[in-house]
Amino acid sequence: MYTRKEKFIKQLTALVTVTLGGSTTFAGLCIWNGNENFYRDYVMPFTRRLDPETSHGLAVFAMKHCLIKKQLKPDAESLSTRLWNINFSNPVGLAAGFDKQAEAMQGLHRTGFGFVEIGSVTPKPQEGNPKPRVFRLEEDNAIINRYGFNSEGHEAVFHRVRQEKEKQERAIIGVNLGKNKISAMEDVRDYVTGVEKFGAIADYLVINISSPNTPGLRGLQQKAELENLIACVLEARNKLGTSNLPPLLVKIAPDLSEAEKKDVASVILKEKCRVDGIIVCNTTTSRPSDLKSQCKDEIGGLSGQPLKDISTRCIRDFYRLTNGQIPIIGVGGISSGQDAYEKILAGASLVQLYTSFALQGPPVVRRIKRELDEILRSNGYQNVAEAIGKSSQGN
């Protein structure tokens with residue numbers, strides 16, 4: 001027989017066990033199901049208590065192990081689009097910089113992204129810049145990073161991408177190629193090597209010449225250097241022994257002058273330099289005067305809400321300068337369906353997220369798609385492709 005005290009302790013222990021177990025189960029189900037309110041009120045405030053790079057690593061771990069329920073409902077028909085002979089179930093992709101080592105492609109696909117861009121990947125492994133190198137600007141809904149192409153190198157990433165490609169249900173994969181820090185900036189061999197390595201397994205390739213965190217890299221956007229680079233990588237791409245050549249894209253900085261934008265447009269419209277698309281844009285080195293966060297003066301590339309209008313203007317400029325002939329992936333400050341819609345109206349065929357995914361978590365992907373579908377239909381568009389460039393035409 002238990003004494004009254006022992007009986008009370010046993011009952012209390014059972015109550016605590018059941019309560020903790022129930023709370024843990026409830027939390028687990030909310031995370032698994034991608035409950036937007038739970039992420040907003042509990043998960044993301046918890047991750048903000050962690051160092052930003054630790055939080056990034058935790059998010060990659062969660063996606064790597066598919067710790068979120070697969071989106072079962074098919075994407076709305078209005079969101080489906082076809083580009084480069086690839087069928088995208090929706091136009092909302094993940095930008096390079098999140099899954100740098102190609103570890104989480106399947107989890108990101110399950111989350112609802114229409115495509116996933118991994119990297120940047122450098123030929124040889126490199127550590128990147130010293131830590132700390134990522135900073136949250138919470139008051140500004142922004143991030144500053146100076147990772148500096150931290151990469152496990154071509155070989156390690158290649159095996160992971162190949163494994164994903166072999167799956168019956170897989171992500172559409174873009175491979176973002178970067179340069180090693182020790183390579184001479186004028187030497188294009190790092191990019192040529194990347195094209196040769198990943199050309200047979202990537203759905204598309206990206207030449208990243210716009211990261212602000214590798215000294216001298218943005219100099220490759222100058223007219224003569226860009227023309228030489230694109231001609232060399234296109235030649236390498238065209239020599240690939242594969243029946244389906246991967247589309248080749250170039251990622252552009254948002255900090256180009258009007259004259260530099262015209263130079264870039266004139267190069268990519270040349271026959272020998274005719275890339276299949278451009279990504280507009282990378283992070284910015286500029287710092288808007290209204291930034292409030294304590295970390296606003298950290299060195300690195302700024303992404304998120306402050307980049308939104310800069311990016312949209314840049315998309316509109318390149319759509320106009322190329323006469324809509326070069327497809328654009330629009331990136332920068334997208335955190336709602338309206339933001340994505342504005343990028344598409346400006347001239348983007350596809351869009352990508354980064355900062356909003358980092359700050360709001362997986363539920364933001366499905367919310368943006370839902371909102372975008374509603375906006376398209378309310379404006380009389382049957383399909384997202386019909387809206388591309390509508391606000392830029394005639395300007």
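Is the crossing of helix 6 and helix 7 right-handed or left-handed? It is right-handed, where a crossing counts as right-handed if the near helix is turned clockwise from the far one by less than a right angle, and left-handed if anticlockwise. Helices here are DSSP runs of H or I with at least four residues, strands are runs of E with at least two, and both are numbered from the N terminus.

This is a predicted model, in which local features need pLDDT of at least 70 and side-chain atom pairs count only at pLDDT 80 or more, while totals for chains, interfaces and linings use all residues. Residues are numbered from 1 along each chain as its sequence is written, and side-chain values use heavy atoms, with hydrogens and water left out.

As for confidence, pLDDT is the predictor's confidence in each residue, from 0 to 100. The chain has a mean pLDDT of 92, with 91% of its residues at 70 or more. Residues 14–30 are another matter: pLDDT stays under 50 there, and the model has five contacts beyond four places in sequence for this stretch. A contact means heavy atoms within 4.5 Å. Where pLDDT is low, the predicted coordinates should not be read in detail.

UniProt, in an unreviewed entry, puts the feature "domain: Dihydroorotate dehydrogenase catalytic" at residues 79–376. UniProt positions follow the numbering used here, feature names are shortened, and annotations may be inferred rather than shown by experiment. The span 79–376 is 34% helix and 18% strand, and its end C-alpha atoms lie 9 Å apart.

Back to the helix pairs. Two packed helices are described by the angle between their axes and the distance between the axes. Axes are lines fitted to C-alpha atoms, for helices over the stretch in contact, and angles run from 0 to 180 degrees between N-to-C directions. Angles under 35 degrees count as roughly parallel, over 145 as roughly antiparallel, 65 to 115 as roughly perpendicular and the rest as oblique.

Helix 6 (residues 189–198) and helix 7 (residues 223–238) pack at about 25°, with axes 9 Å apart. The two are therefore roughly parallel to each other. Helix 6 brings Tyr191, Val192 and Val195 to the contact, and helix 7 brings Leu229, Cys232, Val233, Ala236 and Arg237. By class, that gives seven nonpolar, no polar and one charged residues. Nonpolar covers Ala, Val, Leu, Ile, Met, Phe, Trp, Tyr, Cys and Pro, charged covers Asp, Glu, Lys and Arg, and the others, Gly among them, are polar.

Helix 9 (residues 308–321) and helix 10 (residues 337–346) cross at roughly 20°, their axes coming within 8 Å. They are therefore roughly parallel too, and the crossing is right-handed. Lys308, Ser311, Thr312, Ile315, Arg316 and Tyr319 of helix 9 meet Asp339, Glu342, Lys343 and Ala346 of helix 10. This contact has three nonpolar, two polar and five charged residues.

Helix 10 also packs with helix 12 (residues 363–378), at an angle of about 60° and with axes 7 Å apart. That makes helix 10 oblique to helix 12. Their crossing is right-handed. Gly337, Gln338, Ala340, Tyr341 and Ile344 of helix 10 touch Ile368, Glu371, Leu372, Ile375 and Leu376 of helix 12.

Finally, some backbone details sit in loops. The Lys131 to Pro132 peptide bond is cis, with omega near 0°, and Pro132 lies between strand 4 (115–121) and strand 5 (134–137). The bond from Val280 to Cys281 is cis as well, with omega near 15°.
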